[in-house]
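Hi everyone, thanks for coming. Please have a look at the sequence and the model on the screen, and then I'll walk you through a few spots.

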Amino acid sequence: MVLFGAGLFAPPLIHSMRQHGLNPVCIMDNATSKHGQSIHQVPILSPAEGHRLHSQLPVVISAAPKYIEEIRGQLVRMGWTRILDGLRWMSEFEYEQDTFAVGLDSLHNEIDRYVDEYVSIYHRDRLFIPSIDVIITEKCSLRCRDCSNLMQYYTNPRNMDADEVFLALDELMGFVDHVLEFRVLGGETFVNPSAWQFVERLRTYSHFTRIAVYSNGTIVPKGRNLQCLQHDNVYLRVTDYGPLSRRTEEMTALFRSQGIAYDVLRVDGW
Ligand code: SF4
């Protein structure tokens with residue numbers, strides 16, 4: 001098979017197809033800067049070169065779902081007749097069977113994102129929300145001058161009451177078919193000793209993919225705030241502000257020892 005699209009979704013699609021015993025022979029892409037490079041040993045070619053070498057093979061579109069129809073049109077004009085999208089392989093990816101050592105959490109997120117974006121585009125009768133921010137505290141352990149959550153303007157910051165938040169969220173979720181990601185954040189999430197209540201109540205919804213819990217790397221969660229992170233559909237995202245996020249290493253070491261999924265987003269300017 002031949003792929004079209006050497007972007008974010010090509011690596012997970014190659015992994016997924018290899019699990020099914022399929023080895024793409026090349027990836028076609030319109031970006032000339034990518035030609036001559038490779039992804040997981042699969043060479044990237046121009047569409048013209050891919051067609052010259054492999055026009056007898058089926059093409060699988062590995063680009064983001066929102067570009068599928070545009071690319072399908074290009075492929076038809078070039079003369080390709082067997083054109084598929086990547087949904088089948090992406091949705092059947094078996095995480096426990098894979099053998100690559102790094103980037104599993106990020107790969108997991110990309111595959112979820114692909115499938116959810118696909119569903120939102122091809123099932124327009126469904127109400128799909130990519131993410132919902134669940135603010136659980138107005139307090140923060142840092143005082144960033146340009147905080148986009150406007151923490152610097154709270155004169156009497158407080159932790160949010162879970163019953164109050166879920167009164168509104170329960171009503172919203174009654175109208176929604178699927179949420180890709182709940183983002184639990186503040187302020188600093190772990191300033192709130194009851195952060196776990198929000199995570200556990202979010203987990204009772206049946207129609208979401210995952211919960212991302214945000215932290216600025218200053219407070220190491222413990223007790224129930226740590227336990228609530230130990231679920232397959234929960235992961236921790238640490239925003240790393242350099243020396244200000246002074247406990248990032250301590251946190252990530254703890255998460256590794258506890259099998260908690262996490263990633264660290266380095267922020268160089270704020
Ligand atoms: S750490 Fe995040 S939430 Fe806290 S003040 Fe800075 S930008 Fe705002």
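Let's begin just after α1, where Gly-21 takes a positive phi of about 80°. Helices here are DSSP runs of H or I with at least four residues, strands are runs of E with at least two, and both are numbered from the N terminus.

A word on where this comes from: the model is predicted, so local features need pLDDT of at least 70 and side-chain atom pairs count only at pLDDT 80 or more, while totals for chains, interfaces and linings use all residues. Residues are numbered from 1 along each chain as its sequence is written, and side-chain values use heavy atoms, with hydrogens and water left out.

Back to α1: is it mostly covered or mostly open? Mostly covered, with seven of its 10 residues buried. Buried means under 20% relative accessible area, exposed over 50%, and partly exposed in between, using a 1.4 Å probe and protein chains only. Among those buried residues are Leu-13, Ile-14 and Met-17.

Now the aromatic rings. How many aromatic pairs does a search of the whole structure find? Seven. Rings of Phe, Tyr and Trp (its six-membered ring) pair if their centres lie within 6.5 Å; planes under 30 degrees apart count as stacked, over 60 as edge-to-face and the rest as tilted. One of the pairs is Phe-9 with Tyr-114, edge-to-face at 5.3 Å centre to centre and 70° between the planes. Phe-9 lies in the loop between β1 (2-4) and α1 (10-19), and Tyr-114 is in helix α5 (residues 104-122), so this pair ties together parts 105 residues apart in sequence. Both partners are buried: Phe-9 has 4% relative accessibility, and Tyr-114 has 1%.

There is also a cluster, in which ring pairs link Phe-166, Phe-182, Phe-198, Tyr-205 and Phe-208.

Two of those names come back in the helix packing. Phe-166 in α6 and Phe-198 in α7 are among the residues where these helices meet, with contact meaning heavy atoms within 4.5 Å. The axes of α6 (residues 162-173) and α7 (residues 195-203) come within 10 Å and cross at roughly 25°. Axes are lines fitted to C-alpha atoms, for helices over the stretch in contact, and angles run from 0 to 180 degrees between N-to-C directions. The two helices are therefore roughly parallel, a label for angles under 35 degrees, with over 145 being roughly antiparallel, 65 to 115 roughly perpendicular and the rest oblique.
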